[in-house]
Amino acid sequence: MIKKESNSMILDAEAHPLDSYLRPGRIPHIWCSGCSLGSITTVVIEAIIESEIDPKNIAIVSGIGCTGRAAGYLNFDSFHTTHGRALPFAIGLGITDPNRKVIVISGDGDIASIGGNHLIHAARRNADITVFCVNNFQYGMTGGQVGPTSYIGQYQTTSPYGNIEEPFNLPALAASCGATYVSRWTALDVRRMKESFVEALLHKGFSFVEILGACPTTYGRRNQLRDGLTILENFKNRTILQHGIDPMKAQIQKDGPIIVGKFVEIQKPTLTDNLLRLHKMAKNVKPEL
Amino acid sequence: MSKKTEEIPDILTGEYFTTGNLAVAEGSLAAGCKYFGGYPITPSSEVAEHMAERLPQVGGHFVQFEDELASIASVLGASWGGWKSCTATSGPGYSLMVENIGLGVMMETPCVIVNVQRGGPSTGLPTLVGQQDVQQARWGSHGDYEIIALSPNSVQECFDLAIDAFNYAEKYRVPVTILMDETIGHMSERLVIPKRSQVKRLNRKKPSDKPGQQIHLPYEADKDLIPPMAVAGEGYRTITTGLTHDARGYPVINASAQKKIVKRLCNKILLNKNDIIKFEEYLLEDAEYVLISFGISSRAAKGAVNLARNKGIKAGLLRLITIWPFADEAIQEMAKKAKVIFVVEINNGQITREVQRAAAKQKADVYGILKLGGSIHTPAEILKEMEEKI
């Protein structure tokens, strides 16, 4: 609780200024020490505050996985759905009220693997959804299996000889499918991340933000990056900021550069715009049975 | 003076000659459905096509999704947005939907799924009749749960049961399946659509607490075991999850929370069987030989009862309108009096097995008169199989 006393803010030792944005009794969270999800969640809250969107109109939807747990911690209308299906759930939820701001927070496995088909089609339709996709390069919650974002040579429990498959380049995937706002950040870059989150929240249409997060527990320790800070340092040393670059050139490889920035920001009619347009067209059609 | 354009109503009151697929779509609209998310599949596609035309006329939305996984997920989402929602599919699509039907059960999400059954397994008989998904409708998703499934046997009943399905979904906060079949879906009959005032529409219970005053408990059930439903945007900061959860909607991963929630999810249906279970009796008072059937098969079964009666055989028909929860008690009573029970269905005995279970230790023997999909029974075929056992 924040107490106001003679114009100075005195913080109760047990309290945090963002407490009212977290569900009572839900903290401590399940995330490991060194995980980036705590700071990313903080940035999500700060961006929501800065966007000045009425909290009543905000709905958080997530799928399954470590990142998927964020929905349950945030004190907005929140929906923790099935693995991969956050996006179509979010579309159904979103189109019932044009004023609703639906935010999907989920991981790379949830959004790009089991939910990959829904990602490309949600982008194609320019559904009015903001996606915060936290990429930790593998499946954390299930114990560190290889994923669609694992780079070639990455060691995971199901790639014991090193990953042999090319990873997805998520910003390129989203952009090529029609996403109208696309950016990527590392979890270290909280200032730019927050600015971008605010832009994504206020963007009309499908906004997709990839955040590279540290997972020391099931990614780092198998890949010579033993703790969270080491992973973030590794990100820092490799990061290159390149706004507006063709996201096709932003593929992440082992030890290669990590290109971050805002890659796409365009305006197009959204799914909701188009559905509402149909209402006018349908008015003059006599129904037949 | 300009006249305001007359709005196209959500109920097309009047008499029509139309198909089961269109009737179930119109029944859904009459029930107050405002959202349909679907994916094309034979023999159900006409439901989606009709909803695509009609929903924008009544201020609703139709979205064709990339697959059935997405379709049902969107239906759950729209229901949490406060809209009555449905989808339609056939066996292969239903197989993809069962994942999120389970989520609908766990989140207690009102919604309706129309399954116009064809022959299976797998791609099976896309254009031909089947009744092979009745057990899938009961057990398709993993875990223990109770669910509601209704089976119409006429075009009129496709309309009427669509309204019942939405009402049950709203009242009990559960996904309801309408188990149609290819023949019912595609055949044309007379349909009478009543006036709007004659359609009974039920809506989900609203919470009694005011939003924002205290911490809202979205899964605190009333005495009837059904929690009121706070949807998105009402200020309740509602929370829901597919994980085992407590009254707060918070995940609780232990055996006692699991027992509590599974018991309640099952009992809210089982304790209301009298309200949910519907069946139709035909010449049962003195029947020694009872046919049990549902959907299109029940019409051939009724014909067989008439043929048998003409020959002096005391036959009767129990037609199941509600398939799930199962009419155990009614069947048990009948099995005390009847000599033989025959179950007429287009599958390899899925309801026969259920009847044998319900009628166990009673007087009557139970036999299935079965077809495996692709065609419907004729009354003469049914009578012939009956006579072999009489």
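Into which domains is chain B divided? Chain B has domain 1 (14-198) and domain 2 (278-389), with bounds that come from an automatic or database domain assignment. The structure is a predicted model, in which local features need pLDDT of at least 70, side-chain atom pairs count only at pLDDT 80 or more, and totals for chains, interfaces and linings use all residues. Residues are numbered from 1 along each chain as its sequence is written, while chains are lettered from A and ligands numbered from 1 in the order in which they are written.

The centres of domain 1 and domain 2 of chain B, taken over C-alpha atoms, are 26 Å apart. Their contact takes 23 residues from domain 1 of chain B and 22 residues from domain 2 of chain B; two residues are in contact if their C-beta atoms, placed from the backbone, lie within 7 Å. On the side of domain 1 of chain B that touches domain 2 of chain B, helix 5 of chain B gives the most, with four residues. Helices (H or I, at least four residues) and strands (E, at least two) are DSSP runs, numbered from the N terminus.

Chain B also meets chain A: 48 residues of chain B are in contact with 37 residues of chain A. Helix 3 of chain B supplies the largest share of the chain B side, nine residues. That side divides into 23 nonpolar, 18 polar and seven charged residues. Here Ala, Val, Leu, Ile, Met, Phe, Trp, Tyr, Cys and Pro count as nonpolar, Asp, Glu, Lys and Arg as charged, and the others, Gly among them, as polar.

A strand pairing also links the chains. Strand 4 (residues 77-80) of chain A pairs with strand 10 of chain B in the parallel sense over three bridges, where two strands pair if DSSP finds at least two bridges between them. Phe79(A) stands opposite Thr240(B) in strand 10 of chain B.

Within chain A, strand 9 (residues 181-186) is largely enclosed by the rest of the structure, because six of its six residues are buried. A residue is buried if 20 or more other C-beta atoms, placed from the backbone, lie within 10 Å of its own. Tyr181(A), Ser183(A) and Trp185(A) lie on one side of strand 9, and Val182(A), Arg184(A) and Thr186(A) on the other.

Strand 9 of chain A pairs with strand 10 (residues 207-212) of chain A in the parallel sense over six bridges, and Val182(A) has Phe208(A) as its bridge partner. Strand 9 of chain A also runs antiparallel to strand 12 (residues 258-265) of chain A, joined by four bridges. There, Ser183(A) has Lys262(A) as its bridge partner.

Definitions and conventions. A residue is buried if 20 or more other C-beta atoms lie within 10 Å of its own, exposed if 12 or fewer, and partly exposed in between; C-beta atoms are placed from the backbone.
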